[in-house]
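I opened a new model today and kept notes on what I looked up. They are set down in the order I took them.

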Amino acid sequence: MMSFELSENWKKVLKNEFDQTYFTALMQFVQKAYQEKLCFPLQQQIFRAYQLTDIADVKVVILGQDPYHGVGQANGLAFSVQPGVAFPPSLKNIFLELKNDVENEIPFSGDLTHWAKQGVFLLNSCLTVTSSQAGSHSNKGWEKFTDATISAISDQNSGVAFLLWGGYAKKKAKLIDSSKHLILTSGHPSPLSANRGYWFGCKHFSKTNAYLQEQGKEVIEW
């Protein structure tokens, strides 16, 4: 069985998931996939979002679908890439909106670890993928686990900004208690959606910080 490290708080909150049959089957599938094929992210980075951002520290949630499936891209955080890797199109558009919204300069690195360390939980719905095969690990159990994660954040925390980009992410709104959290929706930052006017101008980064200020929380240094 695969070994993985999560914070003690995450382990307590998600204990019921670890004990379920589906999760055992999921881990067996993932272990076999990593043994037989090239998969991403690196095995020790599968639960990296949970390692960098404890549930008690979550201020913002950004949802992706599954990891980048190109060699050397994924690093266990949604939309993030390893340092030195060229920006995938969605990440490029995220940085363009960020520049337009809060006047940030386009960064040299697409590694979003500094967001995660400030309480931005960068969660993919599926945490693993086979090289060059988008969606290849979907419907194996990851969605059940990450849905439970979203529900746990909604239940345990208050005043969290959930950023739901694109149709797939928007479906997760039903897991979130909108009476005590902010839900921001927009088109996906991928070129297809962004170029049709559904992403640029959403101003989610400034809206998130304004909300965090209202909640008496430190804003994110994007």
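**Ground rules.** I am working with a predicted model, where local features need pLDDT of at least 70, side-chain atom pairs count only at pLDDT 80 or more, and totals for chains, interfaces and linings use all residues. Residues are numbered from 1 along each chain as its sequence is written, and side-chain values use heavy atoms, with hydrogens and water left out.

**Helix H5.** I took helices (H or I, at least four residues) and strands (E, at least two) as DSSP runs, numbered from the N terminus. H5 covers residues 89-102, and at 1.5 Å a residue its 14 residues should span 20 Å. The expected span is 1.5 Å times one less than the number of residues. I found the end C-alpha atoms of H5 20 Å apart, which agrees. Just after H5, I noted a positive phi of about 60 degrees at Glu103.

Next I listed the buried residues (under 20% relative accessible area, with exposed over 50% and partly exposed in between; 1.4 Å probe, protein chains only). In H5 they are Ser90, Leu91, Asn93, Ile94, Phe95, Glu97, Leu98 and Asp101. They pack against helix H6 (113-116), strand E5 (161-165), helix H9 (191-194) and H10. I counted a contact when heavy atoms lie within 4.5 Å.

**Trp222.** Is Trp222 buried or exposed? It is buried, because its relative accessible area is 10%. I located Trp222 in the segment after helix H10 (204-214). Not counting residues up to four places away in sequence, Trp222 touches, among others, Leu98, Trp115 and Phe205. Lys32 is 190 residues from Trp222 in sequence and 37 Å away in space, C-alpha to C-alpha.

**Core.** A nonpolar core is a set of buried Ala, Val, Leu, Ile, Met, Phe, Trp, Tyr and Cys residues joined through side-chain atoms within 4.5 Å. I found 67 residues in the largest one, and Phe47, Tyr50, Trp115 and Trp142 have the most contacts inside it. Helix H3 (residues 21-36) gives the most to this core, with seven residues. I also looked up Tyr50: beyond four places in sequence, its contacts include Leu6, Trp10, Phe121 and Phe145.

H8 supplies the largest share of the lining, three residues.
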